[in-house]
Amino acid sequence: MTGAAAIKGRDGRLVPAQRVAPLHDSVVINSRGIGAITLAARLAREPAFEGRVIVAGKPVSESRQLIDGCTLRARSIDYYAAASGTDRATILTGIYGAEWRQAETDRQMASVARMDGGRARLVRVEPWMSNKGVKRDRSEGAPLSYGVRNSRLMAALNERAAACGVRFDDSGASSHDELRALSNGKNTLIVNGTPKPINGAAWQHQPPAPKHFVAAAQMTFTAPRLEAAGAIARQDSFIGIINRDGAIDMSVFYPFKDPLSPRAQYYGIFYRIVRDGSEAAREGHQRALRAELEAVGDALGLAPDDPDETAAAAWVPVSPWSFTASRQQGVLDLSRISGAGAPIITGDGMTRAGLGAMAAAEALIEGSDPERAMNKALSLYRRLNMVQAGAMAWAPGLTEWMLARRPKLAMLGPGKSRDWDMWAGAW
């Protein structure tokens, strides 16, 4: 299934374009990231934009380090495939080669972890989501998600976009005037695919400085004692929380495959919502998260895989969950609108990037407002993101109490998102 039929689902209620009359005849995008390249691929295949979609971001540089998100919800692939006019198998082959099964998650487990002397003890590990017993109009046994290095996914999607007719510019153009000079159309839209504003573009409104941040630490793992530890099985993922100093540190561990790290079988991340934005707070939280990451990994039977090369830390601002508008005149703030809320914490960043890009593309093709289309399509993801932020930062005691006693009940809300097509593909 390809094209418009592949993006039908309950998560974003994305409606294919009616092809009325585009307001723009060309697009210049300043990023080769996931949302940007998904938008570029979709528009490049549309006759009204053919030959006039230009991507001016830096070429993808692949390294073993886990920079940016690694949780690839299977639903994301629907959007990438629809954008490039292909099928899921083609996208997966482009990312992993023929053996993508190692990276699949079929069941998600959860538990509270308690730290004692630098070691983690898992209180009660139970499943909270499975690809079995699904609704009648969805396929039994469909994978829930994949673990992927972000730069590997970007490289694969960039290759697909080139095959769709996207033009790439390596000149280093980044300012508003430089980007506009690349256009070969008469009415060009500049698309900002990065979180930072574009130099030289006039402000439409300047958002207030962020008050909260997400701190994170992640790395790849081998699985030498997975079966002996007995907490999870192959093709299981794991969510674990630690109540540290009155707030939740949350972790996820997912099956993982990467040609640059052939021994790695899992990746793991620990993260926390933080109010204090000082450098000392940043360093302290990232240090604590890294220690928890290794300790919980050990409790699962995992071992760090070349952490000097694969580990990375992150510190990203939290933005409002409400309607998000572009900050600068004549610029579509693709990345900012897609990522509104608390990044990282719900593992849906790559999905939201794909959904937001497809919503924007269909709106641009029919000549309607891409900002409104994106905000509407992303509303359900933002709502669940806000609920999880509250559970982590504003109700940590209740969250820990529930998860320690009844993991499946505690994860009931996130678990229902499987029925809303927010994990496995909508087929």
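## Report on a predicted single-chain model

Among contacts in the chain (heavy atoms within 4.5 Å) between residues at least 6 apart in sequence, 79% join residues at least 24 apart. The structure is a predicted model, in which local features need pLDDT of at least 70 and side-chain atom pairs count only at pLDDT 80 or more, while totals for chains, interfaces and linings use all residues. Residues are numbered from 1 along each chain as its sequence is written, and side-chain values use heavy atoms, with hydrogens and water left out.

### Overall architecture

The chain contains 15 helices and 17 strands; these are DSSP runs numbered from the N terminus, helices being H or I with at least four residues and strands E with at least two. For 427 residues, a compact globule would have a radius of gyration near 22 Å, and the 21 Å of the chain agrees with this. That radius is taken over C-alpha atoms, and the globule rule is 2.2 Å times the number of residues to the power 0.38. Along the principal axes, the C-alpha atoms fill a box of roughly 65 × 45 × 35 Å.

Of the 427 residues, 56% count as buried. Buried means under 20% relative accessible area, exposed means over 50%, and partly exposed lies in between, with a 1.4 Å probe and protein chains only. The chain exposes about 17400 Å², of which carbon and sulfur atoms supply 52%; the areas come from the Shrake-Rupley method with a 1.4 Å probe, and for residues only the protein chains shown count as cover.

### Charges and salt bridges

The chain carries 53 positive and 44 negative side chains, and the centres of the two sets lie 5 Å apart. Lys and Arg count as positive and Asp and Glu as negative, whereas His and the chain ends are not counted; the place of a charge is NZ of Lys, CZ of Arg, CG of Asp or CD of Glu.

The structure holds 33 salt bridges, each defined as a side-chain nitrogen of Lys or Arg within 4 Å of a carboxyl oxygen of Asp or Glu. The table lists several of them.

| Salt bridge | N to O distance |
|---|---|
| D106 and R101 | 2.7 Å |
| D298 and R225 | 2.8 Å |
| R327 and D333 | 2.7 Å |

D106 is buried, with a relative accessible area of 14%, while R101 is partly exposed at 41%. In the pair of D298 and R225, the side chains meet in a salt bridge that links distant parts of the chain: D298 is in helix α7 (residues 279-299), R225 is in the loop between β11 (213-222) and α6 (226-229), and the two are 73 residues apart. D298 is partly exposed at 29% relative accessibility, and R225 is partly exposed at 35%. Both R327 and D333 are buried. Salt bridges that share partners also join R64, R263, D305, D306 and E309 into one network.

### Residues with positive phi

Most residues other than glycine have a negative phi. D306, a member of the salt-bridge network, has a positive phi near 45°. D306 lies in the loop between β15 (303-304) and α8 (307-310) and is partly exposed, at 31% relative accessibility. D68 likewise has a positive phi, of about 75°, although it is not a glycine. D68 is placed in the loop between β2 (53-55) and β3 (71-73), and D68 is exposed, with a relative accessible area of 51%.

### Selected buried sites

A161 belongs to helix α4 (residues 150-163) and is buried, at 0% relative accessibility. Not counting residues up to four places away in sequence, A161 touches I37, A41, V166 and F168. A161 and A41 are 120 residues apart in sequence, yet their C-alpha atoms are 4.7 Å apart in space.

H176 is located in helix α5 (residues 176-181) and counts as buried at 13% relative accessibility. With residues up to four places away in sequence left out, H176 touches I190, I198, N199, G200, A201 and V331.

G193 sits in the loop between β10 (188-191) and β11, and G193 is buried at 17% relative accessibility. Its contacts, again not counting residues up to four places away in sequence, are N30, S31, A36 and S335. The C-alpha atoms of G193 and A353 are separated by 9.8 Å, with the two residues 160 apart along the chain.
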